[in-house]
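Here is a brisk report on one chain. Please keep the model open as you read.

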Amino acid sequence: MSTVKEIQSVHNACRLIELLADRQPLGVSELARASGLDKSAAHRLAVTLHKARWLDRTADGRWRIAPTLARLARRTSAASLVVSLRPRMETLRDQTGETVMLVAIEDARMRVREVVESRHPLRITTPVGSELPLVHSSAARAIAAHLPPAELASLRLAHPKLDDDRSLAIVRRRGFAVNDREIVDEVRVVGAPVLTAEGYPLAALIVCGPTSRISKSRLTTLGNQLVLATSSSIGRPLA
């Protein structure tokens, strides 16, 4: 066992951030009760984290996670997802023969986080970091189908043409979504969400290829392969 003593103030600050991540926004009194700290200590920590740009205050004086910390968490999460899912993406590419991408929605925009290209001379691909159209996207549908209501509403403000609740419910039950030549002619795409153990959609895996190889009847087969590939939630061992 290590004999190095922990820094209690850092421990307490981490506890406040965890509480806010689960229940934000919270006032100082609420933070103090939930953390077991006295009110003045909770207030000092919140102010310090605010000066570090990790917390923000709402109009009524409560505290919430700041965009700076949220962006840092997303970047770390994206890097971890790539490491965890790259072997599975390679296996999926070999099974399907098509390009496999890891895609995430950030600030109401959809970006490519990793690509494993098809070995066919004729293939669909795009550079890592590229922004993709969100409306009609199989990845966006797969993610949106599992978003909490508030986040889904926010995404619809930015993209009013996003699928309605009934369509997303079908995606949620089936486990995957399709884009049948809706964005690029002669291209079909299937997507399935990458979920945390709690069911939150961190990203989506998609399989994309030309209609000459992905027939309409093959979409369900690819969808089921994707569901199997993403069936283990992040936070539990991947199959």
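Where does R53 lie? R53 sits in the loop between α3 (39–51) and β1 (55–57).

## Basis

This is a predicted model, in which local features need pLDDT of at least 70 and side-chain atom pairs count only at pLDDT 80 or more, while totals for chains, interfaces and linings use all residues. Residues are numbered from 1 along each chain as its sequence is written, and side-chain values use heavy atoms, with hydrogens and water left out.

## The chain overall

The chain has eight helices and eight strands. Both are DSSP runs numbered from the N terminus: helices are H or I with at least four residues, strands are E with at least two. The C-alpha trace spans about 65 × 45 × 30 Å along its principal axes.

Of the 239 residues, 44% count as buried. Buried means under 20% relative accessible area, exposed over 50%, and partly exposed in between (1.4 Å probe, protein chains only).

## Backbone exceptions

Most residues other than glycine have a negative phi, and most peptide bonds are trans. R53 is not a glycine, yet its phi is positive, about 70 degrees. R53 is exposed, at 56% relative accessibility. D107, in the loop between β3 and β4, also is not a glycine and has a positive phi of about 50 degrees. The relative accessible area of D107 is 59%, which counts as exposed.

A cis peptide bond joins Q24 and P25, with omega about -5 degrees. P25 belongs to the loop between α1 (8–23) and α2 (28–35).

## The sheet and β8

Six strands make an open antiparallel sheet, in the order β5-β4-β3-β8-β7-β6. The edge strands, β5 (131–132) and β6 (177–180), each pair on one side only. Two strands pair if DSSP finds at least two bridges between them.

Strand β8 (residues 201–210) is mostly covered, with nine of its 10 residues buried. Strand β3 (residues 99–106) runs antiparallel to β8 and is joined to β8 by five bridges. Here V103 stands opposite A204, and T99 stands opposite C208. Strand β7 (residues 187–195) pairs with β8 over nine bridges, again in the antiparallel sense. R188 has G209 as its bridge partner in β8. The β7–β8 hairpin has five residues between the strands, and G199 takes a positive phi near 95 degrees there.

## Nonpolar cores

What is the size of the largest nonpolar core? It has 25 residues, and those with the most contacts inside it are M101, I105, M110, L134 and L155. Elements that supply at least two residues each include β3, α6 (149–158), β7 and β8. The largest share, five residues, comes from α5. A nonpolar core is a set of buried Ala, Val, Leu, Ile, Met, Phe, Trp, Tyr and Cys residues joined through side-chain atoms within 4.5 Å.

Beyond its neighbours within four places in sequence, L155 is in contact with I105, A108, L134, A144, L147 and L162. Contact means heavy atoms within 4.5 Å. Apart from this core lies another, of 21 residues, among them L85, L219, L222 and L226.
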